[in-house]
Amino acid sequence: MKKIYLIRHGWTRADKHRLYCGATDLPLTKSGAAELRKAAEEFSYPSAENCRIYTSGMLCAEQTLKLIWGKQPHEKLPALREMNFGDFEMHSYEELKDDAAFSAWLSGDNEANVCPNGESGVELKKRAIAAFTALAGAAGNAIVVTHGGVIAAIMAHLFPGEGKNRYSWQPSPGCGYAISYEGLRPASYTRLPAVRALRSVAASSQEDWKTKHYSFFSHKECEFFPCHKTDDPDNFNCMFCYCPLYVLGDKCGGNFSKTDSGLKDCSKCLLPHQRNSFGYISESFSRIVATMERQED
């Protein structure tokens, strides 16, 4: 079964400060590059072996490719660049909210409205989907390092039956989707990067926690037990009643979905409630702290 992997580039200054950015060729931030290196070590990205590899050609995409997969031969496809926001480039909503041209762009059909000296969402979707359709039609697997708006447009086009709006498909920086094909038809998808097996917590000295009572607690007297549907209530772990992994966004490793407004929906996720979840979550605290520090910067 052929697979196409869509990966969003890592954090840039525009992502961090919530700036409209598509045509400006920004590098990754230092913390964004460090986060990608750590993700490549701790999570499972697809192997580049026997994959065709594409990027948008923008600096942040080139750097992301190199940080995750090393130096790889690849093709640059400008049609996979983010939307050109024209006169709104590198400005925030707060800076533009009183601008008449900006207000006009937001009003009415925002997808069809063209940014002054830029392009529209419709134009973005047209070129991005055409480029993706061409590369997906070739034989073999492919890795595509591109941008959030491009990935969202492609996923909304490939899986219209899910009824999601384009923005709810947009992955976090460094994340994306693995799309499985049956012939020429996209059949299913999973999120990337995938969680590695709990190999590190099952190793040597860290094996000790499995024998300790502090790693498992089941509060069956709780009025909400079990708070998530399960077929195995005897092994339902209540140790992490409020999941500390939530702050990690798309890199939490859980079985979450997203609402139309882009919020995480964890109602079907049992990752923090598994009997052996203590090791994975305790090992994740360094990433949680790093994420919180970056958000405070």
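Axes are lines fitted to C-alpha atoms, and the angles between them run from 0 to 180 degrees between N-to-C directions. With that in hand, the exercises below work through a predicted model.

**Exercise 1. Across which strands does helix α7 lie, and at what angle does helix α7 run to β1?**

Solution. Begin with helix α7, which spans residues 148-158 and lies across β1, β5, β6 and β7. Next, take the direction of helix α7 against that of β1, which gives an angle of about 145 degrees. Then turn to helix α6, residues 121-136, which lies across β1, β3, β5 and β6 and runs at about 145 degrees to β1.

**Exercise 2. In what order do the six strands of the open sheet stand, and which are the edge strands?**

Solution. Reading across the open sheet, the order is β4-β3-β5-β1-β6-β7, and the pairing is mixed. The edge strands are β4 and β7, since each pairs on one side only.

Strand β3, residues 51-55, runs parallel to β5 and is joined to it by five bridges, with Cys-51 standing opposite Asn-141. Strand β1, residues 2-8, also pairs with β5 in the parallel sense, over five bridges, and here Ile-7 stands opposite Val-145. On passing to β1 and β6, the sense is antiparallel, over six bridges, and Lys-2 stands opposite Tyr-181. As for covering, strand β5, residues 141-146, has five of its six residues buried.

**Exercise 3. At what angle do the axes of helices α2 and α3 cross, and which residues make the contact?**

Solution. Two packed helices are described by the angle between their axes and the distance between the axes. For α2 (residues 30-42) and α3 (residues 59-69), the axes come within 8 Å and cross at roughly 35 degrees, and the crossing is right-handed. On the side of α2 the contact is made by Ala-33, Leu-36, Arg-37 and Ala-40, while α3 brings Thr-64, Leu-67 and Ile-68. Sorted by class, these are five nonpolar, one polar and one charged residues.

Just after α3 comes Gly-70, with a positive phi of about 80 degrees.

**Exercise 4. Is His-228 buried or exposed, and which backbone oxygens does its side chain reach?**

Solution. Locate the residue first: His-228 lies in the loop between β8 and β9. The cut-off for a buried residue is under 20% relative accessible area, and His-228 has 15%, so it counts as buried. Now consider the polar contacts of its side chain, in which a polar atom lies 3.4 Å from the backbone oxygen of Cys-266, while the backbone oxygen of Ser-267 is reached at 3.2 Å. Finally, leaving out residues up to four places away in sequence, His-228 touches Phe-236, Cys-266, Ser-267, Lys-268, Cys-269, Leu-270 and His-273.

Definitions and conventions. Residues are numbered from 1 along each chain as its sequence is written. This is a predicted model: local features need pLDDT of at least 70, side-chain atom pairs count only at pLDDT 80 or more; totals for chains, interfaces and linings use all residues. Side-chain values use heavy atoms; hydrogens and water are left out. Buried means under 20% relative accessible area, exposed over 50%, partly exposed in between (1.4 Å probe, protein chains only). Helices (H or I, at least four residues) and strands (E, at least two) are DSSP runs, numbered from the N terminus. Two strands pair if DSSP finds at least two bridges between them. A crossing is left-handed if the near helix is turned anticlockwise from the far one by less than a right angle, and right-handed if clockwise. Contact means heavy atoms within 4.5 Å. Ala, Val, Leu, Ile, Met, Phe, Trp, Tyr, Cys and Pro count as nonpolar, Asp, Glu, Lys and Arg as charged, and the others, Gly among them, as polar. A polar contact is a pair of N or O atoms within 3.5 Å; within protein, one must be able to donate a hydrogen and the other to accept it, and residues adjacent in sequence count only if both atoms are side-chain atoms.
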